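Here are my notes on the model, point by point. Have the structure open while you read.

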Amino acid sequence: MTVETPEMGVKTRPARRAARPKAAATPKTATPKAKGATGPDLVIVESPTKARTLGRMLGPDYRVEASFGHIADLPKSKLGVDEETFAPQYEVPEDSKKTVALLKREAKAAGRIWLASDLDREGEAIAWHVARLIDAPAGKLKRVTFHEITAPAIAEAFKHPRQIDQDLVNAQQARRVVDRLVGYKLSPFLWSKIAFGLSAGRVQSVALRLIVDREREIKAFTALEYWSLDAVLANHAGEPFAAEVIHHHGKKLHIGSAEEAARHRAALHDAIYTVQSVEKRESSRNAAAPFTTSTLQQDASRKLGYTLRRTMVLAQQLYEGIAIAEGTVGLITYMRTDSLHVAEGALKQAREVITAEFGARYALEKPRHFKTRSKGAQEAHEAIRPTDLSRTPAKIARYLSKDQLRLYTLIWQRTLAAQMPPARYEGTRADIAADSYTLRANGRKLLFDGYLRVYSEASDEPEQQVEPLPDLAAAEALKLVSLDEHQHFTQPPARFTEASLVKALEEFGIGRPSTYAPTISTLTSKYVTKEGRALVPTDVGCVVTDVLKAHFPDIVDTGFTARMELDLDRIAEGSAQWAPVVREFYKPFIALLAEKAKSVKKSDVTEEKTDKSCPVCGKPLIIKLGRFGRFYSCTGFVKGKKGQVAPEGSCDYSGPLDGEPAGPEVIEGETCPECGKPMARRNGRFGPFIGCTGYPACKYIKKTVVRTEVRCPTCGEGFLVQRKGKFRSFFYGCERYPECKHTQRTLEPKELKEPKEPVAVGAGERS
């Protein structure tokens, strides 16, 4: 069975069903109850948290139940799509059957049924599945949507119910079917040609290609040396400032070596320095727009160090409801959106809060409106903002966890900053003559902080600080305090981080707000490792990308994937039928897949000839691809039957690619406890290990662990060690196990340090 790709868009199912929430105020609705109805109105939402919050707001006339995400989906054990008509074959998962039965019972007794799932395409599809499965009369069904979970927003939504939007359902259905066809058809191809367990996806594979292409661009980059000459000068009052030499004889100065730098420095040492011109100019810097899903993920990554998944989990908690003094209420608007629109009421309140918190000069006379530039923006109707801006972070801090408070503060600050005046600066540029050379000094002074009073946008490349210049006048003589040359090298483009990858995907028009977090989560679990925050492709990730580029170029083409998103938008707008869109993609894809399944050999993909010889037996070496990357392997290796010794004459040599292949490194004074032969450090397809030199007759392997310098947060005595779990996944646990059973999936970036040497923990088979 193929691992389901993240862009399939299935909402996760909470662990348990919510208890029936207690009542509060009831909104007035225009639609009368059905004749003969005996029970309260039924409201169906996705999650128990949302159900509890709504239940307290709606009162005793409403019963609120959760569907726990999708109550119907494509089967996991088979394709589940008719390859001619593309009709999806939905089924109710086993753990959803009780929920469906409950909703049917409640629907039968209810006077009206309100389908209140989220307002995006996926939420519309959930409402459609619920309506289909509870089999209620169409006259009882009402669809309501709201962008925030507050009493006024809920009351307003229930005054204006509508029917299920079939165009939105079809757009989500088309996305689901296309992603299923790609994932369940292309993944087995990767299994047969590369390794079992790999997956491909319409958005996932394009994102991986971006990471791989950037890594290769970095490796192919040739750094060029250049030098700069930087002077420290002083004005008539003795106030020092920095200036850089930029011109020589009126032409831009390029210094390519230390010798050139020394020659120019000597010429400038005795020069007369005079101010040639001073130019002052005022500039302003505007605030960034309020948050969309992608910009929230980017800023939370850069400023708070949160992963995309962590950000979205916290945002969902803030949206669905937090218990505060006045009751349980949603603290932010809907968090899956690519719109920059902010409601007029919120804009008015922003001005009031800004005036109260920072003074009238920090408030705009007229509200600022931002135009949405995202390609195909469609997910919701508002940007992400607090539902009540008067709830300052300080006022609600005691009701939130540390992480919730940090994210709420970020959203509150960004929303207010977007409605504050620009920051104003005075920039000064001074050109200085020094014989045949020209130096330039730049300074900047903040005149009015404006929106910077509350918030400044983060960037992957921190902005260089520019200090103000002292008072300078044209023709003023200056004193040379110091003059130094500095060596530099041109830098390659930076590796992608989660934040910059999301930005790139959004700029290409690939994916939608709900797809970014699960896509990157899948990549980091299969094809990408993290060095700090940088995303680095593994050898397997590079090979998968190469195979897809060579044989299925459309799947990893940014333009093709973006066009598919536009087709889905057309379906949502009602201007295209979903089945023809799927057919146009699938027919050529499946024909190409059938042809490639026959013509592509596994050895063509996973093996590469070399001119090197095996240091053990002298036979030629080849480069193979293992589950954990590429490695040297002897062509004399013959795989024996499971549980039996390798055939006579088989050579089991393997080694890492970094450096020349070498034989095993014998450890002096250490012998095998099973056969008495020397032990040696070796490298296999699963990495370095210590094993017996008597292999294959003796298969003893010494078990080792990698010990970090992070102390166990539970017992405080032992250190965390890296361990291997099921399916060869890694985690960190206390070295004092079983006395201390602390485990954690990853280390925080601030905890990451150079690990200590592998430590032996006892004899046994290799883990």
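**Notes on the fold**

1. Let's start with an open sheet of four strands, ordered S16-S17-S18-S19 and paired antiparallel. Helices (H or I, at least four residues) and strands (E, at least two) are DSSP runs, numbered from the N terminus, and two strands pair if DSSP finds at least two bridges between them. Strand S16 (607-613) and strand S19 (654-655) are at the edges with a single partner strand each, so one side of each has no neighbour in the sheet.

2. Before going on, the ground rules: this is a predicted model, where local features need pLDDT of at least 70, side-chain atom pairs count only at pLDDT 80 or more, and totals for chains, interfaces and linings use all residues. Residues are numbered from 1 along each chain as its sequence is written, and side-chain values use heavy atoms, with hydrogens and water left out.

3. Back in that sheet, four bridges hold S16 and strand S17 (residues 620-626) in antiparallel pairing, with Glu 608 opposite Ile 623 in S17. Helix H15 (residues 539-551) lies across S17 and strand S18 (629-634), and its direction is at about 90 degrees to S17. Axes here are lines fitted to C-alpha atoms, for helices over the stretch in contact, and angles run from 0 to 180 degrees between N-to-C directions.

4. A second open sheet also has four strands, in the order S2-S1-S3-S4, but here the pairing is parallel. S2 and strand S4 (141-143) are the edge strands, each pairing on one side only. From one strand to the next, the twist averages 25 degrees. Strand S1 (residues 41-45) pairs with S2 over five bridges, and Asp 41 sits opposite Tyr 62 in S2. Helix H1 (residues 48-58) packs on this sheet, touching S1 and S2, and makes about 175 degrees with the direction of S2. Contact means heavy atoms within 4.5 Å.

5. Strand S13 (residues 477-489) is worth a look too. Ten bridges join strand S5 (residues 225-234) to S13, antiparallel, with Leu 229 and Glu 485 as bridge partners. Strand S8 (residues 273-285) also runs antiparallel to S13, joined by two bridges; Thr 274 stands opposite Ala 477 there.

6. How do helix H6 and helix H13 pack? H6 (residues 204-220) and H13 (residues 498-508) have axes 11 Å apart, at an angle of about 120 degrees. That makes them oblique to each other, since angles under 35 degrees count as roughly parallel, over 145 as roughly antiparallel, 65 to 115 as roughly perpendicular and the rest as oblique. In the contact, Ala 207, Leu 210 and Ile 211 of H6 meet Leu 501, Ala 504, Leu 505 and Phe 508 of H13. The residues split into seven nonpolar, no polar and no charged (Ala, Val, Leu, Ile, Met, Phe, Trp, Tyr, Cys and Pro count as nonpolar, Asp, Glu, Lys and Arg as charged, and the others, Gly among them, as polar).

7. Two backbone spots to check. Tyr 737 and Pro 738 are joined by a cis peptide bond, omega about 10 degrees, and Pro 738 is in the loop between strand S25 (730-734) and strand S26 (743-744). Phe 86 has a positive phi, near 65 degrees, in the loop between strand S2 (62-66) and helix H2 (97-109).

8. On confidence, the chain averages a pLDDT (the predictor's confidence in each residue, from 0 to 100) of 86, and 87% of the residues score at least 70. Over residues 1-25 the pLDDT is below 50, with 98 contacts in the model beyond near neighbours in sequence.
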